[in-house]
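Reader: I would like to learn how to read a structure, one feature at a time. Please give the general idea before each case.

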Amino acid sequence: MNFTNPDYNHFLLDSGVFGWVYKILTPIEWLMSEIMYWFHKLMTLIGLPSRGLSWILAIVFLVLVVHAIILPMYVKQMKAMARMQALQPKMMHIQKKYKGKTDQASKEAMSRETMKLYQDNKVNPMGSCLPMVIQGPVFMCMFYMLSAIPYIAHGSRGTLGAFDKATASEFADTYLFGLKISNTFGMANASGKVVIGIFTVLMCLAMWYMQFNNMRKNLPPAQMEGSQYKMQQAMTWVFPLMYIFSAISMPFAVLVYWLTNNICNMLRSLWQVREFPTPGSRADDEKKKRDHTNENRRREKAGQISLEEEALQKAQEEAKLREEHGFQREQPKRKRKKKK
């Protein structure tokens, strides 16, 4: 593919395996194009120009809509993960019980006990993957739609949802910071390349900080050592660097979407670490302290004693009981059976 002078007569994503995959995803592409179109329409009604910021805001709005739809499933995922983490000691007990046993009967018994543990605690290990399963196709559709728009504007590709030739031309002629949003890095001038570079750096920073914060605060000390931890540390740099190579080949509109999406993911991750920390992690300790302080504030407003005063009062009552009844433990009395 020549990024400096693309062949607008041949849209690569409409051919081969890509063509089949994106054909299957057409309903999602259609829905996304309609959301962008009608939000853009709303922006023009309140006075924004039809070419320019209104289309940029339409991309941002679409990202926010996708995240709003996914959020309830994400919260469910966090709760499921918390339940899974709470089951880890029992899981380790089962694994230790069948460690080194490779016969078929032992494997089946281990599988049965694991499944029973999940069922008894109403946990589905696959439930935590659902938001990722949804986000993947959504990103693919967003990438496809924003990549297809220049071809629709050129007339070499047919209409896609709300984007006919006139609407696509209007979108493709939109500029942000002096850069046409349908241009790739190779098609941009020097100042446009700088803009794409800044967006790429911000995308990488958002993704890097999300992973860095998660590792720094949301891992128990036992998991912050060994080769697996070093591998995780390395991946915090590898994934953002992969963005650099991908960003060169994508239209600037995709980078606008990507940066917005990464910022949303980072904010959501910060909230997750704060509200649903891994047991035993630094974030978990901070949450316990925060909850303790908040409970004391609530009690103070309600005119109730603090947690410390309550603990002191309980200790004093226990000490008083020990003084009254002595320090010897009272032996349980056997009930006498009634004589028949």
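Author: Start with burial: a residue is buried under 20% relative accessible area, exposed over 50%, and partly exposed in between, with a 1.4 Å probe and protein chains only as cover. E286, at 29% relative accessibility, therefore counts as partly exposed. This is a predicted model, in which local features need pLDDT of at least 70 and side-chain atom pairs count only at pLDDT 80 or more, while totals for chains, interfaces and linings use all residues. Residues are numbered from 1 along each chain as its sequence is written, and side-chain values use heavy atoms, with hydrogens and water left out.

Reader: How many helices and strands does the chain have?

Author: Helices (H or I, at least four residues) and strands (E, at least two) are DSSP runs, numbered from the N terminus. By that reading the chain has 12 helices and 2 strands. Along the sequence the order is α-α-α-α-α-α-α-β-β-α-α-α-α-α. The radius of gyration of the chain is 29 Å, well over the 20 Å that the globule rule gives for 340 residues, so the chain is more spread out than a compact globule. That radius is taken over C-alpha atoms, and the rule is 2.2 Å times the number of residues to the power 0.38. The C-alpha trace spans about 100 × 60 × 45 Å along its principal axes.

Reader: What share of the 340 residues in the chain is buried?

Author: Buried residues account for 36% of them. Another overall figure concerns contact, which means heavy atoms within 4.5 Å. Among contacts between residues at least 6 apart in sequence, 68% join residues at least 24 apart.

Reader: Which residues does F239 contact, leaving aside its neighbours within four places in sequence?

Author: F239 is in helix α9 (residues 227-249). With those neighbours set aside, F239 touches M207 and Q211. F239 and Q211 are 28 residues apart in sequence and 9.8 Å apart in space, C-alpha to C-alpha. F239 has a relative accessible area of 35%, so this residue is classed as partly exposed.

Reader: Is S306 buried or exposed?

Author: S306 has a relative accessible area of 18%, so S306 is buried. S306 sits in the loop between α11 (282-302) and α12 (307-325). Apart from neighbours within four places in sequence, S306 is in contact with N296 and R299.

Reader: Now for charges. How many salt bridges does the structure hold?

Author: A salt bridge is a side-chain nitrogen of Lys or Arg within 4 Å of a carboxyl oxygen of Asp or Glu. The structure holds 11 of them. One joins E286 and K217, with the closest N and O atoms 3.2 Å apart. This pair links distant parts of the chain, since E286 is in helix α11 and K217 in helix α8 (residues 190-217), 69 residues apart. K217 is buried, with a relative accessible area of 18%.

Reader: Which other residue forms a salt bridge with E286?

Author: R282 does, and there the closest N and O atoms are 3.4 Å apart. E286 and R282 both lie in helix α11, 4 residues apart, about one turn of the helix. R282 is partly exposed, at a relative accessible area of 41%.

Reader: What is the N to O distance where the side chains of E295 and R298 meet?

Author: That distance is 2.8 Å, in a salt bridge. E295 and R298 are 3 residues apart in helix α11, so about one helical turn separates them. E295 is partly exposed at 23% relative accessible area, and R298 is partly exposed at 43%. Through shared partners, salt bridges join E295, R298, R299 and E310 into one network.
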